[in-house]
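Here are a few friendly notes to read alongside the model.

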Amino acid sequence: MSNGTGLFIDLVIIAILVFGIRLFRTPGGARHGNLAAALALALAVAVTLMRHGLVQTEVVLIAALVGAFAGWLVAMRVTMIQIPAMVAFQHGAGGVAAFLVALVELMRISADAAAIGRISGIIGLLIGAGTFSGSMIASGKLAKKLRQTPVVLPRHNTILLGTLALAVVLGVAAFSATDPAIRLGLLIVLIFVSIFLGVFFSIRIGGADMPVLISFLNATAGLAAAFCGVIIQNKLLIACGATVAASGSILTHVMCKAMNRSLLKVFVGLKPASKVKVETAPASAMHFSGAPGGDAAGSKEIDPREGNPVDRAVSALRGAERVIVIPGYGMALAQAQFKVLELMNLLEGAGKTVKFAIHPVAGRMPGHMNVLLAEADIPYDKLFEMDEINGEFSETDVALVVGACDVVNPAAIDVEGTPISGMPILMAHEARQVIVCNLDEKPGYSGVDNPLYESENAILLFGDAGKSLEAVIEALKA
Amino acid sequence: MYELFTMLSFFAATFVIGYFLISRVPSLLHTPLMSMTNAISAVTIIGALLVFAVRTGLIEGFLGAIAVMTAMFNVVGGFVITHRMLKLFKKTGSRE
């Protein structure tokens with residue numbers, strides 16, 4: 001195959017890939033886009049095999065089949081709430097592949113080979129190994145196998161920077177080492193140091209910051225692939241890696257913006273002060289024990305205001321014309337999305353309009369909430385992005401908050417100096433009435449009290465969101 | 001030097017094209033997008049296959065086989081789960 005034809009084929013494959021991404025505008029198009037991207041990758045593999053051939057076919061075949069089967073099996077079994085953990089795990093698998101490829105190539109390459117190749121290999125090794133361990137930690141946290149709260153070691157930033165510096169020194173040493181055995185030894189130490197780096201990096205990041213971490217790891221997995229591409233001089237690897245890196249960067253940026261935090265603040269743990277009082281809340285006489293995931297014995301807690309909150313919620317919904325539902329991760333935890341569907345059908349059956357307002361950081365990864373609602377059979381044309389729907393709250397009769405807190409906290413607008421000040425929120429407080437189905441009255445992840453709970457037109461249904469909605473549905477039917 | 005230049009321009013060009021296209025993906029599809037790009041990042045499968053383009057030693061072969069396995073896990077798992085996820089999205093009135 002001549003050089004020109006080879007380049008042409010590479011470009012065609014990249015064009016198919018780009019076309020696939022271009023189709024990600026609507027869910028229907030995205031289905032084709034996904035298939036197009038899969039085709040591009042299959043072609044890339046086929047072309048590679050044709051160009052280079054394989055020596056130990058049986059080893060490759062067995063490894064490929066085992067990996068493919070495991071991937072397929074896991075992908076078919078995973079539930080939508082497990083998606084973030086699964087995606088994080090996959091980032092990790094990609095990281096392993098990247099650093100192993102870099103390692104083998106670095107073992108083969110001679111010390112006088114092009115510097116750029118060796119440098120890229122070492123960087124790919126570092127990023128790949130770091131992505132692997134960072135993703136494993138993220139996946140463990142998301143799957144609740146590890147504690148979700150940030151783990152902060154004494155002098156965490158010093159440790160982090162020290163590990164990074166050590167990795168750089170090892171990288172430079174491996175680059176200049178001429179003896180293959182010493183070089184290999186240094187590279188192996190570098191892998192371990194990078195693994196520690198990933199661990200230190202990830203353990204500090206807590207539950208609600210996960211969307212940033214997972215997006216960032218998406219970008220680094222792509223970057224690792226691109227660096228691998230440089231060492232083996234493969235344009236397809238570079239192109240695919242760059243595309244993924246671009247995607248991960250965008251998502252990271254979107255997530256940070258939606259949380260009103262800079263990337264640096266998320267990663268170096270400049271976590272806002274733990275608790276900020278926003279208003280003088282009425283005496284905290286009512287205290288709800290909010291063991292997460294606990295049983296919902298206390299689903300109908302006493303509301304400080306007059307009347308049974310379920311009855312008030314029901315009469316508010318009966319009188320409503322327009323309802324906007326605001327789901328948060330609490331809905332996913334309570335698996336209340338199916339109850340939300342039931343309520344939606346009930347309200348629509350009574351001639352009311354129901355829409356959903358999705359905050360960009362609701363859930364544990366970008367767009368997670370949309371997938372959960374789609375799984376519950378809620379049509380996607382009822383799901384609206386924050387900017388699309390925020391103008392409609394003032395003409396809405398009932399805003400129904402299900403397991404969300406910070407994303408509807410008006411303190412973000414009204415109060416200066418809180419961690420969420422300036423964060424874009426959903427304007428639930430502008431609706432005529434707000435029904436809140438949250439586990440308890442505690443502040444959300446940011447630690448900022450939510451003045452919405454004190455508002456006159458708020459109806460508070462504390463407890464398991466599924467049980468609260470169930471009660472409302474039963475009463476509405478009656 | 002020529003090689004370095006082509007590789008850099010490949011990286012830059014695809015990064016920029018990807019950036020423009022992806023910034024127009026609605027947030028509705030961000031999860032499937034990440035899951036698909038995650039599968040794409042397993043393009044390192046090419047690198048893993050190239051390990052076996054020449055006769056390998058025991059250690060190289062072992063590392064290469066693991067790389068092939070994890071990359072395949074990533075690529076197949078990523079595309080399958082993206083497909084499953086996208087099938088869940090339905091419009092009003094289009095029940096399957």
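1. Two residues are in contact if their C-beta atoms, placed from the backbone, lie within 7 Å. On that basis, chain A brings 95 residues to the contact and chain B brings 76 residues. Please bear in mind that this is a predicted model, where local features need pLDDT of at least 70, side-chain atom pairs count only at pLDDT 80 or more, and totals for chains, interfaces and linings use all residues. Residues are numbered from 1 along each chain as its sequence is written, while chains are lettered from A and ligands numbered from 1 in the order in which they are written.

2. Which element gives the most to the side of chain A that touches chain B? That is α9(A), with 16 residues. (Helices are DSSP runs of H or I with at least four residues, strands are runs of E with at least two, and both are numbered from the N terminus.)

3. By residue type, the side of chain A that touches chain B holds 64 nonpolar, 22 polar and 9 charged residues. Here Ala, Val, Leu, Ile, Met, Phe, Trp, Tyr, Cys and Pro count as nonpolar, Asp, Glu, Lys and Arg as charged, and the others, Gly among them, as polar.

4. Most residues other than glycine have a negative phi. R155(A), not a glycine, has a positive phi of about 55°. R155(A) sits in the loop between α5 (115-142) and α6 (156-176) of chain A. R155(A) is exposed (12 or fewer other C-beta atoms within 10 Å of its own, placed from the backbone), with 10 such atoms.

5. Q335(A) also deserves a look: its phi is positive, near 50°. Its place is the loop between α12 (329-333) and α13 (337-349) of chain A. With 15 other C-beta atoms within 10 Å, Q335(A) is partly exposed, a class that lies between exposed (12 or fewer) and buried (20 or more).
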